[in-house]
Amino acid sequence: MKLTRRSFLKVSSAASAGLALNGLGLDLSSVRAYAWELRTSEAKETPTICCYCAVGCGILCHTDKKTGKIIYTEGDADHPINNGTLCAKGASAYQIAQNEKRATNVLYRAPNSDKWQVKKWDWALKEIAKRVKKTRDAGFAAGNEQGQIVNRCNDIASVGSAALDNEECWLYQAMLRSLGIVYIEHQARI
């Protein structure tokens with residue numbers, strides 16, 4: 001970048017004017033506060049919890065009362081865990097619902113294929129259930145070498161998600177145990 005005398009004078013004049021106005025006591029904080037108030041004044045404020053990790057930071061979600069779409073998310077200042085602060089992932093939680101690049105279809109790549117196919121959710125859920133049942137039936141052991149009844153599946157393991165709360169984790173592990181799965185781990189312990 002070549003800096004000419006003319007561009008230097010323009011930039012330094014603008015900077016000097018800005019400093020002079022700031023030094024005169026021109027305070028824009030009230031204008032910013034009023035603009036913020038206008039942005040969220042007609043919005044419904046709903047407290048929620050961040051879904052990204054096991055910390056459980058509080059988030060305030062502002063939604064438009066007419067359309068139901070999310071306008072803005074921010075840290076909940078009254079929440080005892082995060083006191084209004086959010087990490088980078090929590091601050092971007094707005095994009096979970098408002099991202100046009102978010103995947104909304106199931107993409108399936110068949111074995112030995114190099115192409116992705118768009119499938120329906122019903123097909124994907126049935127396919128997952130079919131494969132879990134096939135694997136469970138193939139690896140199910142009713143008893144061990146000593147003749148004791150064990151009713152377990154050794155061919156499936158699970159690593160739980162830290163995005164689940166305690167109640168969801170309990171339901172998840174209960175479902176896994178009903179299938180006979182004994183290799184149950186959780187992300188929080190890893």
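In this predicted model, strand β2 (residues 58–64) and strand β3 run antiparallel and are joined by five bridges. Within this pairing, His62 has Tyr72 of β3 as its bridge partner. The two strands belong to an open sheet of three strands, in which the order is β1-β2-β3 and the pairing is antiparallel. The edges of the sheet are formed by β1 (43–49) and β3 (70–75), and because each of these has a single partner strand, one side of each is left without a neighbour in the sheet. From one strand to the next, the twist averages 25°. In general, the strands of a sheet pair through backbone hydrogen bonds, in either a parallel or an antiparallel manner.

Turning to contacts between charged side chains, the structure holds four salt bridges, among them several within helix α4 (residues 121–139), where Glu127 and Lys130 are three residues apart and therefore separated by about one helical turn. The side chains of Glu127 and Lys130 meet in a salt bridge with an N to O distance of 3.1 Å. A salt bridge also links the side chains of Arg131 and Glu127, here at 2.9 Å, N to O; because Arg131 and Glu127 lie four residues apart in helix α4, about one helical turn separates them. With a relative accessible area of 14%, Glu127 is buried, since this value falls under 20%, whereas Arg131, with a relative accessible area of 41%, is partly exposed.

Another salt bridge is formed by Lys133 with Asp137, and the closest N and O atoms of this pair are 2.7 Å apart. Lys133 and Asp137 are four residues apart in helix α4, so that they too are separated by about one helical turn. Asp137 is partly exposed, its relative accessible area being 41%. Salt bridges that share partners join Glu127, Lys130 and Arg131 into one network.

As regards the confidence of the prediction, the chain averages a pLDDT of 85, and 87% of the residues score at least 70. Confidence in the chain is highest in strand β5 (residues 117–119), at 95, and lowest in helix α2 (residues 29–40), where the mean is 68. Where pLDDT is low, the predicted coordinates should not be read in detail.

Conventions:
Residues are numbered from 1 along each chain as its sequence is written. This is a predicted model: local features need pLDDT of at least 70, side-chain atom pairs count only at pLDDT 80 or more; totals for chains, interfaces and linings use all residues. Side-chain values use heavy atoms; hydrogens and water are left out. Buried means under 20% relative accessible area, exposed over 50%, partly exposed in between (1.4 Å probe, protein chains only). pLDDT is the predictor's confidence in each residue, from 0 to 100. Two strands pair if DSSP finds at least two bridges between them. Axes are lines fitted to C-alpha atoms, for helices over the stretch in contact, and angles run from 0 to 180 degrees between N-to-C directions.
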